[in-house]
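Please look at the sequence and the model below before reading on. The report that follows takes up a few aromatic rings and then a pair of helices.

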Amino acid sequence: MSISHAPEHDTSSGRRVIEMKRSIGPRVPAVVPFAFGVYAVLLVALTLCKGYLSLGGVWNTGAHHQRSLDLVLFNGFSDAPIWWGPWANTIGNVALFLPFGFLLLVVLRSRSRFPLLEVIAYSALVSLIIEVAQFVFAVGYTDVDDLLLNTIGGALGALIALKAPRDAVKGLCWTLIAGCVSILGLMVTSSLR
């Protein structure tokens, strides 16, 4: 945050008055909060509504009406019913939080001293909230792997935002919105069958 001194005249006495203005850096494009909202809907659909919505049959909705707690890291690789299942889970959990990290860093970049650390902390917190909600409401598998992989995804998304040119943020947000809406549409249409 920088403070600038802009001279102004006080018309009642003719004296010069120094007004201090706070600058919070470049404004966040208006599309960013909109993209965050659309992404949040997709995040809830993919994590808390898997018992009701599927994505083209990638998962069995009936299998997600349960309460399950897994506190052992990466044990899915040792007892996987399908060889590609653990890989899809790993890549999917990282990819799921890439937009979260990207968008949050864009918001925090000019407002925080340590935006990358904050993104990592918020990614872990949001993932933990989702995992606890899945357990409490018996809507899926609560897994420590998901917490770790979501946090890594948030950190990678933040690193992408740090490297992306600021003028590319709007276009990337619109691309993200289109992708989220497409996935939501596929989930709804494939679940109606």
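Are F36 and F100 buried or exposed? Both F36 and F100 are buried, where buried means under 20% relative accessible area, exposed over 50% and partly exposed in between, with a 1.4 Å probe and protein chains only.

## Basis of the report

This is a predicted model, in which local features need pLDDT of at least 70 and side-chain atom pairs count only at pLDDT 80 or more, while totals for chains, interfaces and linings use all residues. Residues are numbered from 1 along each chain as its sequence is written, and side-chain values use heavy atoms, with hydrogens and water left out.

## Aromatic pairs

The whole structure holds 5 aromatic pairs; rings of Phe, Tyr and Trp (its six-membered ring) pair if their centres lie within 6.5 Å, and planes under 30 degrees apart count as stacked, over 60 as edge-to-face and the rest as tilted. One of them joins F34 and W174, a tilted pair with 6.2 Å from centre to centre and 50 degrees between the planes. Because F34 belongs to helix α1 (residues 31-48) and W174 to helix α5 (residues 169-191), this pair ties together parts that are 140 residues apart in sequence; helices here are DSSP runs (H or I, at least four residues), numbered from the N terminus.

The ring centres of F36 and F100 are 5.8 Å apart and their planes stand at 90 degrees, so this pair is edge-to-face. It links F36 in helix α1 with F100 in helix α2, 64 residues apart.

Methods: Helix = DSSP H or I, 4+ residues; strand = E, 2+ residues; numbered from the N terminus.
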